[in-house]
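Reader: Before the discussion begins, please show the sequence and the structure.

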Amino acid sequence: MTSIRQASPTDISRLNLCNLDPLTENYARKFYFDYLVRWPTMFIVAENLNGQIIAYVMGKVEEDPGYIKLLGTDKYLPWHGHVTCLTVAPQYRQMGLAKTLTAHLDQACEQEHAWFMDLFVRVSNKTAINMYKGMGYSVYRRVIDYYSDDPTGNGTSEDAFDMRKSLSRDKTKKYIRVDGENYRINPEDIYHP
């Protein structure tokens, strides 16, 4: 039996089972604590019967500064949810934990009246891309050389897909793009005009 609950400060030192995966971004402890303090309902863990953290999701709600909207640019990002990290320990995959955790995060962002959810995923991570598509996400754009590290050992950077999913506030799907795989941008163009 697995329990799903909000993360606690003591969980930060117990994420190793999940963080050993080469596709999982690892952060400094301060980063995890910052999320726990700022967005406590959006840092959710799955714990097995032995008390091990076997999966977790970290998310937040954010928007661009108002001056970007005043500039009249189409790059302004309104209030939205962001999946910062979603990971499941390898031996616990294919059990629906990622979908369950993401659903909890979606609900937390709905309660915050976010327009949409977004996330970044390596273009080589076909398993994750297909999973996200199965949860209603679609590719909004391709970010060239977004990941500068190389878990494959090829010594090159890797592109990311910026994937999005409309929430109930976005009734017209304004923040979704068809054929986003072919819309390419550079990392410096993600947030700035």
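Author: Contact here means heavy atoms within 4.5 Å. The model under discussion is predicted.

Reader: Leaving aside neighbours within four places in sequence, which residues is Met163 in contact with?

Author: Met163 is one of the residues with the most contacts inside the largest nonpolar core. Neighbours within four places in sequence are set aside. The partners of Met163 are then Met117, Asp118, Leu119, Val121, Ile129, Tyr132, Lys133, Tyr137, Ser138, Val139 and Tyr140.

Reader: How many residues does the largest nonpolar core have?

Author: Phe43, Tyr56, Tyr132 and Met163 have the most contacts inside this core. The core as a whole has 46 residues.

Reader: Which element gives the largest share of this core?

Author: Elements that give two or more residues to the core include helix 2 (29–38), strand 3 (53–62), helix 4 (97–111) and strand 7 (158–166). The largest share is seven residues, and it comes from strand 3.

Reader: How many residues are in the other core, which lies apart from this one?

Author: Among the members of that separate core are Phe120, Val143, Ala160 and Ile190. Its residues number six.

Reader: Is the pair of Phe120 and Tyr146 stacked or edge-to-face?

Author: Phe120 in strand 5 (residues 116–122) and Tyr146 in strand 6 (residues 138–147) are 26 residues apart, and their pair links distant parts of the chain. Planes under 30 degrees apart count as stacked. The two ring centres are 4.7 Å apart and the planes lie at 15 degrees, so the pair is stacked.

Reader: What angle lies between the planes of Tyr132 and Tyr137?

Author: Both Tyr132 and Tyr137 are buried. Their rings form an edge-to-face aromatic pair, 5.6 Å centre to centre. The angle between the planes is 65 degrees.

Reader: At what distance from the ring centre of Tyr140 does Arg164 lie?

Author: Arg177 lies over the face of Tyr183, at 3.7 Å from the ring centre. Arg164 lies over the face of Tyr140, and its distance from that ring centre is 3.6 Å.

Reader: How many disulfides does a search of the whole structure find?

Author: A disulfide needs sulfur atoms within 2.5 Å. The sulfur of Cys18 is 8.5 Å from the closest cysteine sulfur, in Cys85, which is too far for a bond. For Cys109, the nearest cysteine sulfur, that of Cys85, is 15 Å away. The number of disulfides found in the whole structure is zero.

Technical notes. Residues are numbered from 1 along each chain as its sequence is written. This is a predicted model: local features need pLDDT of at least 70, side-chain atom pairs count only at pLDDT 80 or more; totals for chains, interfaces and linings use all residues. Side-chain values use heavy atoms; hydrogens and water are left out. Rings of Phe, Tyr and Trp (its six-membered ring) pair if their centres lie within 6.5 Å; planes under 30 degrees apart count as stacked, over 60 as edge-to-face and the rest as tilted. Helices (H or I, at least four residues) and strands (E, at least two) are DSSP runs, numbered from the N terminus. Buried means under 20% relative accessible area, exposed over 50%, partly exposed in between (1.4 Å probe, protein chains only). A charge sits over a ring if NZ of Lys or CZ of Arg is within 6 Å of the ring centre and within 35 degrees of the ring normal. A nonpolar core is a set of buried Ala, Val, Leu, Ile, Met, Phe, Trp, Tyr and Cys residues joined through side-chain atoms within 4.5 Å.
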